Amino acid sequence: MRRTRRLRLAAASTVVASALCLPPAARAAEPRDGGLTGLVNPFIGTQNEGNTFPGAAVPFGMVQFSPDTGHNTGYDHTQNRIRGFSLVHLSGVGCAIGGDLPVLPTTGDVTQTDYTKYAATFRHANEQASPGYYRVGLDSGIEAELTASERTAVQRYAFPATDKANVLLNAGQALHKNVSSKVEILDDRTVRTEITGSGFCRSTRPYTLYTVTRFNRPFTAHGTWYQDSITPGATKSSGPGHNGAYVTFDTRKNRTVEATTALSYVDAHGADVNLGTTYGRSFDAVREAARRSWEARLNTVRVQGGDATLRTTFYSSVYRSLLAPNIGSDADGRYTGWDQKVHRAQGFTYYQNWSLWDTYRTQSQLLSLLAPREARDMALSLLRIDEQGGWLPKWGYGTVETNIMSGDPVTPYLTHAYHQGLLKGYEERAYRALKKNADGVPPADTMYVGREANREYIAGGFAPYIKKRPYIKTGDSDYHHGGSVTLEYALADAMLAQMARDLGHPADAARYAARSRNYRTIFDPSTGFFRARDASGAFAGPADPARSEGFHEGTAWQYQWLVPQDLPGVVGLIGGRKAANDRLDAFFAHDKLLQDPARTAREVWVHGPYAYYNADKYNPQNETDLIAPYTYLSTGEPWKTTDVVHAALTLFTDGPTGMTGNDDLGTMSAWNVLSSIGLFPVQPGYPTWGLTTPVFDRVDLVLDRAYYPHGTLTITAPGTSQSDRYIQSVRIDGTTYERTYITTDALRRLGTLEFTVGARPSGWGTAPEAAPPPLK
């Protein structure tokens, strides 16, 4: 999902050169024990709008302690000035959010209050990062190190010998709009802030966070500022403008200063409680704990084969997939709900930050495999949002709804959780929330838009495209994207129908199943493509599908395969398997791809991170057609899925430009992980996993026995390579298997999945009955 300005496009040669010519120190810090954390490069995606961050975090942590260089989402590898190290970053988002409480070490007199003016210069040769750790040597001679725990940020600064070693704590500036802030110096070691912000693409309702920072030794002087006015010795500052504090140390004998900052979305007491979980531990101890937590997570996926670059891109993608959603409850269990009241999570951890339009397609499925206990708590958190805020979210940040993106992504997210067994004991509660969401529209006085075009969709079978309809609430409007919204609603209806059937609601199941076929209402026989309809029912926009209107961040070419509930129906509309395969071949430029996969991916498919429109080719940089390569599994030519997937995987490289567009809270990274191991959720919201050739000789998944009784799944593909990439046969637990998909129930019983590969396509998976079946 990308919502910001269009940027200049980088030539493919420049992208490759910048990925290969980085100084070694700007890639990753060396691991302490040679473990898997040493294969992670946090700088991947920090250039060319991947919008990732290189700073310190633990899996799903509340805090993401990272440098901000001036880019609207935080860090841009092309820039060389750090404004501060701030607490909150969302990996790969397309709009400004977070960046709260940027802190920066300086020396000398404090004369500036605007972080764009006092920013420190640095060189990438003096920069390192690894999971849970970041270090940079500033040109001022100060070395800064960052690490993190679940709810705290820990910093260590090595100053030159001076009696004016400062730490600036800027409460009044952030990546998003700062509404108001307060800063208070409590004693000679402690600074407290209260920050209210708003923003993300378009304004959201305000939300407030609280911080407390405690230093490991007393400071010798302090002061505060408001706007441009600096007051030495002052202990408080508040207001709608620039607010901040500075503390000063004498480092002529002891050059090192450490501090711990805790964050809470509840209140100052919550920040104090969270501070108590870490304060008093040394920087090195917290760093080592963070490294161990990442090592344990990465060890749930063990691969053999592939070169060093492939392993780095893979484990870096695993790492980014496990950064979000984020813990939202304090160490005492309290959290601020979407009713803006304080609640307590009992028996689970409350999570927040929901890029659902993106994550329902890949990242939620990967988490259900690698982190099912956390994935369960995440699903329960969504139910709490409905119970306390009145509606299920679409794109939630912190304690508020942003309404960014369109359609109904929460339904396949939660129906997937249901089918994975993550909602055990909460099935009916979840179903009631989903039914309310699927059949209604949120009240006008709430912050939600939900299925904004639902009345027209239910009455007429399609969401109308109303190009100039005014925005009623913050965020996006479904009416501006009637074509793609109709497809998204229909997909969600299909998934809800299956859940209704399973839970014994046959009438609902039949109703939702009928609505799942509403994709047919926007099919234009004269063009052979989906096409938005206006409020009168007439087809809208240009007939050319490459220039179609009413499709969110894409064209009719890219959305034509977003009917995973009934691909045979789509194939029939197009004119049968041959016509569908011909169209797929044109869409992927398959003839060129066979000649030069990497060049086709970079020069034919890719036109820049925000080039959504006016295209008739696959866009691997956006979520609109992430499942499109797997359509060949349903058209009798499954070997072409491997061709396309393996070409797309070449876009993931081990330098700052090595992401395909925005990562969107791990969505693109999860696509890389799942496609690399040969398992992909081809019907998001339903337990169907498509099969394609892994890129590793062997993958061992260490699975939670509470959800996967077998405990491990070993996937093998001996000799897999760019030349020997075609599936010749598949065996599951030693038995020949001819289908191009497998179900979650089968995965739970499975111990081994064996691929035999070769240099030419085979007849495997080509029979009609081998394809993933449509949902009824």
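Buried means under 20% relative accessible area, exposed over 50%, and partly exposed in between, with a 1.4 Å probe and protein chains only. The model is predicted, so local features need pLDDT of at least 70 and side-chain atom pairs count only at pLDDT 80 or more, while totals for chains, interfaces and linings use all residues. Residues are numbered from 1 along each chain as its sequence is written, and side-chain values use heavy atoms, with hydrogens and water left out.

A salt bridge is a side-chain nitrogen of Lys or Arg within 4 Å of a carboxyl oxygen of Asp or Glu. The whole structure holds 42 of them. One joins glutamate 295 and arginine 291 at 3.8 Å, N to O. Arginine 291 has a relative accessible area of 12% and is therefore buried; glutamate 295, at 11%, is buried as well. Both sit in helix 4 (residues 283-298), four residues apart, about one turn of the helix; helices are DSSP runs of H or I with at least four residues, strands runs of E with at least two, numbered from the N terminus.

Lysine 164 and aspartate 109 form a salt bridge whose closest N and O atoms are 2.7 Å apart. This pair links distant parts of the chain, 55 residues apart. Lysine 164 is partly exposed at 34%, and aspartate 109 is exposed at 56%.

Aspartate 493 and arginine 451 meet at 2.9 Å, N to O. Aspartate 493 lies in helix 12 (residues 482-502) and arginine 451 in the loop between helix 10 (427-439) and helix 11 (454-460), so the bridge ties together parts 42 residues apart in sequence. Both residues are buried. They belong to a salt-bridge network that also includes Asp408 and Lys435.
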